[in-house]
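Here is a walk through one protein model, taken a piece at a time. Have the sequence and the 3D view open as you read.

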Amino acid sequence: MATLQPGVVLWPGLLDAAAQAALVAEIFVLLKDAPLYRPTMPRSGKPFSVEESSFGPLGWVSDVKGYRYAPVHPFTGKPWPAIPQMLMDLWDAQTRYPAPPECCLVNHYSEDAKMGLHQDRDEADFDAPVLSVSLGDDAFFRIGGEARGGNTARVKLASGDVLMFGGPARLAFHGIDRIVPGTSRLVPGGGRLNLTLRRVTKKDARPGG
Ligand code: SIN
Ligand code: MN
């Protein structure tokens, strides 16, 4: 385990090859029900370079109307599939947060995909950290502070790596500069999958939640 900056923790290779393969297999089954699609940017309507889907009671979506959480897939109109138990257990073990994640955002990066620096700030609860799982090709992840335009650090994320950012880094700007195509054969068709687990509503907002 390595603390990269206050609030940012990386567990390199936390998921072994068998766990990675089992997770990818489960994800591809769920993606039949909630297919990857290409979201668009608010206002401009420009398509993302990543493809996305979500699991859990709330999925993160983006279109010309803006960023938000929605209970159904924007194209199928169906509720998102449940978050795999392996990820629910990982959340408990790594975050020790006393409420479960409500969204697992799935990002699929093919060779030219990237993600610009942004904050995860569409959630009502910033007490919970964000937990991120990398599968497939290596990627250059960039993370800075809470202010846009500040210093950033670059870290290579490999398959099986788990990263958490919370506390003083919960609103840190972060993004993916690029992936390194062909560094893994894990994901069918190649590329990288990133799974981002988030708590969306306040911990006490729901009975039993
Ligand atoms: C994200 O910030 O939504 C994705 C980050 C990543 O792909 O590692
Ligand atoms: Mn993010």
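Not counting residues up to four places away in sequence, which residues does P47 touch?

## P47 and its loop

Setting aside anything up to four places away in sequence, P47 touches R38, P39 and T40. One thing to keep in mind from here on: this is a predicted model. P47 itself sits in the loop between α1 and β3. Its relative accessible area is 49%, making P47 partly exposed.

## Two arginines with positive phi

R43 is found in the loop between α1 (17-33) and β3 (51-55). Have a look at its backbone: phi of R43 is near 65 degrees, a positive value in a residue other than glycine. Most residues other than glycine have a negative phi. R43 counts as exposed, at 76% relative accessibility.

R96 is another case, with a positive phi of about 55 degrees even though R96 is not a glycine. You'll find R96 in the loop between α2 (85-95) and β6 (103-109). With 71% relative accessibility, R96 counts as exposed.

Are D120 and H174 buried or exposed? D120 counts as buried, with 4% relative accessibility. H174 counts as buried too, at 6%.

## Around ligand 1

Ligand 1 has a list of residues around it: L105, N107, Y109, M115, H118, F141, H174, I176, R192, N194, T196 and R198.

If you want to see polar pairs, start with Y109, where a polar side-chain atom lies 2.5 Å from an oxygen atom of ligand 1. For N194, an N or O atom in the side chain is 3.2 Å from an oxygen atom of the ligand. N107 also places a polar side-chain atom 3.3 Å from an oxygen atom of ligand 1. How much of the ligand's accessible area does the protein cover? Ligand 1 has 260 Å² of accessible area on its own, and the protein covers 97% of that.

## Two cysteines, no bond

How many disulfides does the model have? The count comes to zero. As a reminder, a disulfide is a covalent bond between the sulfur atoms of two cysteines. Take C103: the closest cysteine sulfur is in C104, and at 6.8 Å from the sulfur of C103 that is too far for a bond. The cut-off here is a pair of sulfur atoms within 2.5 Å.

Starting from C104, you get to C103 as the closest cysteine sulfur, with 6.8 Å between the sulfurs. C103 counts as buried at 0% relative accessibility, and C104 is buried with a relative accessible area of 0%.

## Q20 in helix α1

Q20 lies in helix α1, and with a relative accessible area of 11% Q20 is buried. What does its side chain pair up with? The side chain of Q20 makes a polar contact with the side chain of S159, at 2.6 Å. A polar atom of the Q20 side chain also lies 2.8 Å from the backbone oxygen of L15. Leaving aside neighbours within four places in sequence, Q20 is in contact with L15, L135, S159, G160 and L186.

D204 is found in the segment after β13 (192-198). D204 counts as exposed, at 65% relative accessibility. Compare the position of D204 with that of P79: the two are 125 residues apart in sequence, and 23 Å apart in space, C-alpha to C-alpha.

Note on methods: Residues numbered from 1 in each chain as written. Chains lettered and ligands numbered in written order. Predicted model: local features only at pLDDT ≥ 70, side-chain atom pairs only at ≥ 80, totals over all residues. Heavy atoms only, no water. Buried < 20%, exposed > 50% of the residue type's maximum accessible area, 1.4 Å probe, protein only. Near = heavy atom within 4 Å. Polar contact = N/O pair within 3.5 Å; in protein donor to acceptor, adjacent residues only side chain to side chain. Areas by Shrake-Rupley, 256 points an atom, 1.4 Å probe, with all protein chains shown as cover. Helix = DSSP H or I, 4+ residues; strand = E, 2+ residues; numbered from the N terminus. Contact = heavy atoms within 4.5 Å.
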